[in-house]
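Here's a quick briefing to read with the model open beside you. Find each residue as you go.

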Amino acid sequence: MYRQEDKEMQNYFVRYYFDSSRDRDGFMEEIKAERIGEITLAEKGCLRYEYFFPADSDREIFLWEQWESEADQKCHMTQPHFGTIGKIKDKYRAQTDFEK
């Protein structure tokens, strides 16, 4: 947790695991095509929503989310585009670890 202008920021980390680099790349292409990042950044309280590719793996993606509050992040999980992420994740058989 960090402070910015007296607001506590909530950090969330998601690591996606794929069976192949082809699945990872397909997942990311669909996430971009659906504009998931843009839509999420426009949500109330979203400060950061960035995907990263680990240098030592071609079958993983790391997502760093930063929210003004836990309530804002929980609201994000009720949005239609969050359901879209789940469908894309299922299509590419991604497994995830979530950390706060």
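## The core and what surrounds it

The largest nonpolar core has 18 residues, and those touching the most other members are Tyr16, Phe18, Phe27, Ile31, Tyr49, Tyr51 and Ile61. A nonpolar core here is a set of buried Ala, Val, Leu, Ile, Met, Phe, Trp, Tyr and Cys residues joined through side-chain atoms within 4.5 Å. Two or more core residues come from each of strand S2 (7-17), H1, strand S3 (46-52), strand S4 (60-67) and helix H4 (80-91).

This is a predicted model, so local features need pLDDT of at least 70, side-chain atom pairs count only at pLDDT 80 or more, and totals for chains, interfaces and linings use all residues. Residues are numbered from 1 along each chain as its sequence is written, and side-chain values use heavy atoms, with hydrogens and water left out.

**Terms for the core**

- Helices (H or I, at least four residues) and strands (E, at least two) are DSSP runs, numbered from the N terminus.
- Buried means under 20% relative accessible area, exposed means over 50%, and partly exposed is in between (1.4 Å probe, protein chains only).
- In soluble globular proteins, nonpolar side chains tend to be buried together.

**Tyrosine 51 and helix H1**

- Leaving aside neighbours within four places in sequence, tyrosine 51 is in contact (heavy atoms within 4.5 Å) with Tyr16, Phe27, Met28, Ile31, Ile36, Ile61, Phe62 and Leu63.
- H1 covers residues 21-33, which is 13 residues, and it reaches 18 Å from first C-alpha to last, close to the 18 Å expected at 1.5 Å a residue. That expected span is 1.5 Å times one less than the number of residues.
- Which residues of H1 are buried? They are Asp23, Arg24, Gly26, Phe27, Met28 and Ile31.

**Histidine 76**

- Look for histidine 76 in helix H3 (residues 70-76).
- Histidine 76 counts as buried because its relative accessibility is 1%.
- Its side chain makes a polar contact with the side chain of glutamate 43, at 2.7 Å. A polar contact is a pair of N or O atoms within 3.5 Å; within protein, one must be able to donate a hydrogen and the other to accept it, and residues adjacent in sequence count only if both atoms are side-chain atoms.
- Setting aside neighbours within four places in sequence, histidine 76 is in contact with Thr40, Glu43, Tyr49, Glu65, Trp67, His81 and Phe82.

**Isoleucine 39**

- Isoleucine 39 sits in helix H2 (residues 36-41).
- With a relative accessible area of 29%, isoleucine 39 is partly exposed.
- Not counting residues up to four places away in sequence, isoleucine 39 touches Glu34 and His81.
- Isoleucine 39 and tyrosine 49 are ten residues apart in sequence, and their C-alpha atoms are 9.9 Å apart in space.

**Two arginines with positive phi**

- Arginine 35 is in the loop between H1 and H2, and its phi is near 60°, a positive value in a residue other than glycine.
- Arginine 35 is partly exposed, as its relative accessible area is 44%.
- Arginine 93 lies in the loop between H4 and S5, with phi near 55°, again positive in a residue other than glycine.
- Arginine 93 is partly exposed, with a relative accessible area of 46%.
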